[in-house]
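Hello,

Here is the structure I promised to pass on. Please have a look at it first, and then read my notes below.

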Amino acid sequence: MDIGRLKNNTEFYDGFEDEPEIELYLSESPDFIIHIWDGYFLDIFGSPAMDGKGWNGFTRDYNQMERTYEKQGVKLDTEEYLNDLFIYKNKDFEYDETIECYNLLYAFLEYAKSNNKTVIVNWW
């Protein structure tokens with residue numbers, strides 16, 4: 001894994017500076033931070049399964065507008081959010097860049113889990 005991409009990464013927010021942003025960082029290493037345009041989150045999490053099994057992670061937060069969505073500085077249960085993200089690994093995305101954004105988000109969470117780091121999320 002190229003951990004350099006996990007530090008101060010604005011690749012998926014550049015050009016969208018006036019639009020909503022999701023920021024994830026490691027509390028123990030604040031230079032490990034990624035910024036993501038809300039449109040990519042919508043593309044990933046915006047059409048969840050309606051099978052009645054309930055939602056977890058960002059799917060719940062984004063679609064129910066609660067937890068991480070309504071507060072700043074929320075700590076993530078990395079395992080829960082990785083499991084939720086994994087559900088979308090084969091999804092067809094609207095934007096070509098979304099798969100790259102997905103991969104970055106997954107790598108970020110996986111790095112945090114593997115290194116026992118705390119992920120903090122802010123919605124702006």
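Let me begin with helix α2: six of its eight residues are buried, so the helix is largely enclosed by the rest of the structure. Buried here means under 20% relative accessible area, exposed over 50%, and partly exposed in between, with a 1.4 Å probe and protein chains only. Helices (H or I, at least four residues) and strands (E, at least two) are DSSP runs, numbered from the N terminus. The buried residues of α2 are G57, F58, T59, R60, D61 and Y62. Their cover includes β2, α1 (38-45), α3 and β5 (119-123). Just after α2, M65 takes a positive phi of about 50°.

A word on the source: this is a predicted model, in which local features need pLDDT of at least 70 and side-chain atom pairs count only at pLDDT 80 or more, while totals for chains, interfaces and linings use all residues. Residues are numbered from 1 along each chain as its sequence is written, and side-chain values use heavy atoms, with hydrogens and water left out.

Now to the charges. Side chains of opposite charge can pair when their charged atoms come close. How many salt bridges does a search of the whole structure find? It finds five, a salt bridge being a side-chain nitrogen of Lys or Arg within 4 Å of a carboxyl oxygen of Asp or Glu.

R60 is buried, with a relative accessible area of 13%. Salt bridges that share partners join R60, D61 and E80 into one network.

Another salt bridge is formed by D31 and K7, whose closest N and O atoms are 3.9 Å apart. D31 lies in strand β3 (residues 29-37) and K7 in the segment before β1, so the pair ties together parts that are 24 residues apart in sequence. Both residues are partly exposed, D31 with a relative accessible area of 32% and K7 with 35%.

R5 also forms a salt bridge, with E11, and here the closest N and O atoms are 2.7 Å apart. R5 is partly exposed at 31% relative accessible area, and E11 is partly exposed at 38%.

Two further residues may interest you. N9 lies in strand β1 and counts as buried, at 8% relative accessibility. Leaving aside neighbours within four places in sequence, N9 is in contact (heavy atoms within 4.5 Å) with I33, I34, H35 and L104. E97 sits in the loop between α3 and α4 (98-114) and is partly exposed, at 35% relative accessibility. Not counting residues up to four places away in sequence, E97 touches F12 and Y40. From E97 to P30 the distance is 25 Å, C-alpha to C-alpha, and the two are 67 residues apart in sequence.

Finally, D14 lies in the loop between β1 (9-12) and β2 (21-26), and D14 is partly exposed, with a relative accessible area of 42%.

Best wishes
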